[in-house]
Amino acid sequence: MGSGPLARSVLVGLVGLSLAGFPLAAFAQTAKETTNAGKRWEEEFAFWQKASSGSDVTQFENYLKQYPNGTFASMARLRIAELKAAGNAKPATTASDDAAAKAKAEEAKAAEEAKRIADAEKAKAEDARKAAEAEKAKAEAAKAEAAAAAASKLASEKAAAEEKAKAEAAAAEKARAEEAARLKAEADRKAADERRLAAEKAAEAERVKKEAAAAAEKAKADEAARVQAEAERRKADEAAAAQKARAEAEANARAAEAAAARAEEAKRLEAEKAAAAEKTRLEQEAAAARKLAEEKTRELERLKAEAAKAAAEAEAKAAEASRLAAEARKRAEEAEAAQKRATTSGPATATRDGAEADRIAAAKREEDTFQKAVVAGSRQAFQAYLDAYPRGRYASDARERMAALSTTPTQKVETERLVEERPVVDPREAYMERSTRVQAQRWLSALGYSTYGADGVFGPRTRAAIAAWQGASGYRADGYLSRRQFAALRQAAQFAEARQASRERRYQREYDVLEGPVDGYYDGPYYGDDGYYRRRGGVVIIPGY
C-alpha cells in the first residue's frame, strides 16, 4: 500500500504545498505518519486474516496480545470464547443410541452455525477494511487538495478530518460493540438450549432407570407370588389327599360291623393323630417353600449386584479409554502447533520446536509400547517395556502388573503336582467328596430320578438325573450341583423319606398289607364269588408296580 494511490495523492499534495510556499518539512512529517498508519493497518489486517482462517485459539490470543485495542479485538475475544466452549463441551450420557445420534446432529448443526457466523464476520471485516481504506483515501485526497488550494485552510481542514476520523472510529467501535453484544446473546441462547437439552436427556435417563427398577421389582414379586401359589397348591393337594384318606378310613370303620366301641374310639384317636401329623407336614412344606423363595430372592439380589459391578467396571474402562484418547489428541495438537511455530519462526525457534516435537514423539512411542504390553497381558511384554523405558512414566504400573502375573518356581511345581494327582473336577462341584457324590445319587433315586447306581461317579445317567431334578425344582438344568442346590436336594430327599416312612407306618397300622395275590388275596374275604371287590379295607402291594 506504500506505493498505491494513497501514497501518490500524498506526494502530489506535498509538491503542491511546497510550490505554494508552505514549509515542506511539516507536510513531509504528516505524510510519513499517514504512510505508517496505512502500513500498520495492512499488518493488522494480514494478521487478522491469518488468525481468522483457522480454529486455533493461540492465533487469536496472539492477535490480542499484539493489538489489544485493534479493529478486530472484540471479534477475536468472541471467537476465543466460542472455541473454548466447543472444546470443553462434553456430550451428555444418554440411555439409547437414538439420543446419541440426535446429540451428534445438534453438534453438527452448531458447528455449521458457528462457521456461518465466522464467514459473516470475515465478510463484515473485509467490508470494514475496504470502507476504511476508501474513507482514508478520500480524507487524504481532501487534505492534499485543501493543502494545494490554500495553506490558510490547512488547520481547519485537518481539524475537520480528525473530527471526521474520530466520528467514524466511534461509529465503527459502536458497530463492533453492537455486533459483539449480538453474538454474545446468540452464544448465551445456544448455551441455554444446550443446558435444557442436557436436562431433558438426564430426565429421560432417570425415567428409564426407574422403569428398569420397577420391572425388576415386578419380576421379583411375580416370582414370589408364583412360589407362594405353588406352595398353596401343594398344600391343598395334600389336604385333599388327607381328607380322602380320612373319609376312606371312616367308611371302612363304619363298614366293620364286628368292631367294638373301644376299637372305634382308638381308630378315631389315631385318625386325629394322623391329621395332626399331616398338618405338621404341610406346615413344614410351606416353611420349605418360603425358605426356597427367600433363597431365590437372595440369588436374584446377588445377580443384580454382579451386573451393577460389571457395569461399573465397563464404565471405568470406557473412562480410561476416553482419557487416553484425549491425551493422544492433546499431544497431536501440541505437535501440530510446534510444527506451525517451526515453519513461521527463525532457525533458533525451529530447533527448539524440533526438540519439543521429538520429546512428544518419544512420549507417544513410550505410551504405545505400554498399551501394547497391557493388551498382551504377559510378563514378557511388560519386561520388554521396562527394558526400553526403565524410568518411564508407566514403570511402576508395569512392575505391579508383573508382580500380579508372576509365579515362583516352587508354586508352579506344586500346582502341576496337584493337577496331576487330583482328578479333573468341574469348579462348580469342587466342594464334593466321593461320599458326598454317593449320597447325592441316593437322594436323587429316592426322589424318583434314578441314577442306576450310587458309585460316586457322575456319569451321563447321573447328569441326566440331576438336570431333570433341577428343571422340576426351578433351577437351570445344566446337570451340575452347586452348594445351594446340594442343600436343596438334601432337604427335599429327607422330606420325601420322612413322608414315605410316615405313610408306611400309617398303612401298616390301619390296613392289612398283602404282598400281591400270593397271600390268597383273591381267595380270601376281599373278593366274592361274583368277582367283585368287597369293601373290607386293606392294601395290596404288587411287585413291579
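1. A salt bridge here is a side-chain nitrogen of Lys or Arg within 4 Å of a carboxyl oxygen of Asp or Glu, and a search of the whole structure on that basis finds 27 of them. The model is a predicted one, and the values in these points should be read with that in mind.

2. One of the salt bridges joins the side chains of Glu429 and Arg437, with an N to O distance of 3.6 Å. Are these two partners buried or exposed? Glu429 has a relative accessibility of 0% and therefore counts as buried, and Arg437, at 11%, counts as buried too.

3. Elsewhere, salt bridges that share partners link Glu230, Arg233, Arg234 and Asp237 into one network. Within it, the side chains of Glu230 and Arg234 meet at 3.5 Å, N to O; both residues belong to helix H6 (residues 154-255), where they sit four residues apart, about one turn of the helix. Glu230 is partly exposed at 26% relative accessibility, as Arg234 is at 46%.

4. A further salt bridge pairs Arg268 with Glu265 at 2.2 Å, N to O. The two are three residues apart in helix H7 (residues 261-344), so about one helical turn separates them. Arg268 counts as partly exposed, at 39% relative accessibility, and Glu265 likewise counts as partly exposed, at 37%.

5. Helix H12 (residues 434-446) has 13 residues, which at 1.5 Å a residue should span 18 Å; its end C-alpha atoms lie 19 Å apart, in agreement with that expectation. The buried residues of H12 are Thr436, Arg437, Val438, Ala440, Gln441, Trp443 and Leu444.

6. The backbone after this helix deserves a look. Just after H12, Gly448 adopts a positive phi of about 100°. Most residues other than glycine have a negative phi. Tyr452, however, which is not a glycine, has a positive phi near 60°. Tyr452 lies in the loop between H12 and H13, and because its relative accessibility is 60%, above the 50% cut-off, Tyr452 counts as exposed.

7. Which residues does Thr462 contact, leaving aside its neighbours within four places in sequence? They are Gln441, Thr451 and Val457, and with the side chain of Gln441 the side chain of Thr462 makes a polar contact at 3.2 Å. Thr462 lies in helix H13 (residues 460-472), and its relative accessible area of 3% is under the 20% limit, so Thr462 is buried.

Key:
Residues numbered from 1 in each chain as written. Predicted model: local features only at pLDDT ≥ 70, side-chain atom pairs only at ≥ 80, totals over all residues. Heavy atoms only, no water. Buried < 20%, exposed > 50% of the residue type's maximum accessible area, 1.4 Å probe, protein only. Polar contact = N/O pair within 3.5 Å; in protein donor to acceptor, adjacent residues only side chain to side chain. Contact = heavy atoms within 4.5 Å. Expected span 1.5 Å × (residues − 1).
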